Structure formats: C-alpha cells, structure tokens
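Trainee: I am new to this structure. Please pick one central part and take me through it closely, step by step.

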Amino acid sequence: MLTSKPLRAQVVRAAGTVLALVLAASMVMGASSSRIVWEAENYSSIVAPMTVGSSIQKDKLGSTPSGGKYLTIPPQPHEESPAKVVYKVKVSTAGAYTLFGRRYWQDGCGNSFYFRINGGTAVVFGEDATYNFWKWTELKQPVTLKAGVNTIEVFQNKKERGVNLDQLVLQRGSGRVAVPVKAETPTPNAIVKE
Ligand SMILES: [Ca+2]
C-alpha cells in the first residue's frame, strides 16, 4: 500500500496535536481549580470599621504586604464592632479546600479573626503568638466549597483589634497541604464584585 505511510504519519501528527491541546487545557484548568489566590483588599463588600490599610509595611524579616495594602480593623477603640468583609469567590471544582490567610497581628489582644464559609458556623482564624510579622496561617478546619460562587466572610472576633490581613489562598485538598511561604500572584477574576 503506497498511501499507508503518509496517511499514518498524518494520523500520528493529528493525534499529537490533540494530545498537546488536551494537555494545555488541563494545565490551565488545573491551575484555576486547585489553587485560588486573592488580595484581602480585593473584597466584594465591606462593613466599617474594617478598612484598607497601608501604614504597616516592612516587618523585621523584610516581608511586606502584597500590593502595599491589606485589610485592617484599627486598634482603637478596643471594643466590639460590626467590622466585616465579604468575598464572593469563584470556584470551578467542588470539594474540600484548605484556607490560608497572610496576616499581621498586633499582640495577644489582636491576633484573630472569625471566618464563616457559605453561612456556616463561625471558625476562629489565628490565636497564635507570632506578632508583628507578615505570615501565613492556616484555618484550623478544612472548608467545603461548591462549584460556582462561594461566600467567605471575615469579621471581628469579640474585642480583637489591630488585626491585619494581606492575602488569602484556597488550596484544594485537606490534611498535608503545604503552608505558603511568600506573598503570591493573585488568580485573575477570582472575586465577584457586588
Ligand atoms: Ca494585599
């Protein structure tokens, strides 16, 4: 068969192209579904006295807030408030995720936030004793997200003030998920604006 060789070569080439396209598509989809990064100051809505801050910059290790900005509940007055921020986060794959926040705590009276996922029970974030550093902290329990838009609320824990949040990460999976090290590149269009 004289035509069989060129025909086979064409089929192999076409199969190679299809494989390359599938690989490229899975890489793009994988990146968007397994890890979502956003700036804390890139919120869907906010309730005062939660506000965007920029006065805290370089810490003692030289780390700075990503984008030069972060969310903050000012230290004074030291009292309860309705301070809150809401993120409407686009998620392509439903399942368990680990949530990290890059935070800067003032002291033992300002070292936590409350998180609430899709209207569920409030979970304390923080309460650790590493102060005056931009540092990633893991939310103690994994979060279950649906495909589509999920609501993540971050609000004041009792009288805790002087609390600052720079970035957030959702990493698919739970258990042995590595804690981020540095500030990360935000995922494009991860947050739906209201
Ligand atoms: Ca930031």
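Mentor: First, a term: helices (H or I, at least four residues) and strands (E, at least two) are DSSP runs, numbered from the N terminus. This is a predicted model: local features need pLDDT of at least 70, side-chain atom pairs count only at pLDDT 80 or more, and totals for chains, interfaces and linings use all residues. Residues are numbered from 1 along each chain as its sequence is written.

Now the overall layout. The chain has one helix and 13 strands. Confidence comes next. pLDDT is the predictor's confidence in each residue, from 0 to 100. The chain's mean is 89, and 83% of its residues reach 70 or more. Over residues 22-32 the pLDDT is below 50, and beyond near neighbours in sequence this stretch has two contacts in the model. Two residues are in contact if their C-beta atoms, placed from the backbone, lie within 7 Å. Of the contacts in the chain with a separation of 6 or more, 82% are between residues 24 or more positions apart.

A nonpolar core is a set of buried Ala, Val, Leu, Ile, Met, Phe, Trp, Tyr and Cys residues joined through C-beta atoms within 7 Å. A residue is buried if 20 or more other C-beta atoms lie within 10 Å of its own, exposed if 12 or fewer, and partly exposed in between; these C-beta atoms, too, are placed from the backbone. In soluble globular proteins, nonpolar side chains tend to be buried together. Buried residues make up 30% of the 194 residues here.

The largest core has 33 residues, and Y87 and F115 touch the most other members. The elements that give two or more residues to it are β1 (35-39), β4 (70-73), β5 (84-91), β6 (95-105), β7 (112-117), β11 (148-156) and β12 (163-172). Start with Y87. Leaving out residues up to four places away in sequence, Y87 touches W38, Y43, S44, I152 and I191.

K88 lies in β5. K88 has 16 C-beta neighbours inside 10 Å, so it counts as partly exposed. Its contacts, again without residues up to four places away, are S44, V149, T151, I191, V192 and E194. K88 and G148 are 60 residues apart along the chain, yet their C-alpha atoms are separated by 9.6 Å.

How do the core strands pair? Two strands pair if DSSP finds at least two bridges between them. β5 runs antiparallel to β11, and eight bridges join them. In that pair, V89 stands opposite N150. β11 also pairs with β7, antiparallel, over five bridges. There F113 faces Q156 as its opposite residue.

Turn to β6. Nine of its 11 residues are buried, so β6 is largely enclosed by the rest of the structure. Nine bridges join β6 to β12, and the two run antiparallel. R102 stands opposite Q167 of β12. β6 also pairs with β9 (135-138), in the antiparallel sense, over four bridges. R103 has K135 as its bridge partner there. Three bridges link β6 to β10 (143-145), again antiparallel. A96 sits opposite T144 in β10.

Four of its five residues are buried, so β1 is largely enclosed by the rest of the structure. β1 pairs with β12 in the antiparallel sense over five bridges. E39 stands opposite Q167 in β12.

Last, look at the loops. Most residues other than glycine have a negative phi, and most peptide bonds are trans. The bond from A48 to P49 is cis, with omega near 5 degrees. P49 lies in the loop between β2 (45-47) and β3 (51-53). Q76 and P77 are also joined by a cis peptide bond, with omega about -10 degrees. P77 is in the loop between β4 and β5. N132 is not a glycine, yet it has a positive phi of about 65 degrees. N132 lies between β8 (123-126) and β9, in the loop. It has 13 other C-beta atoms within 10 Å, so N132 is partly exposed.
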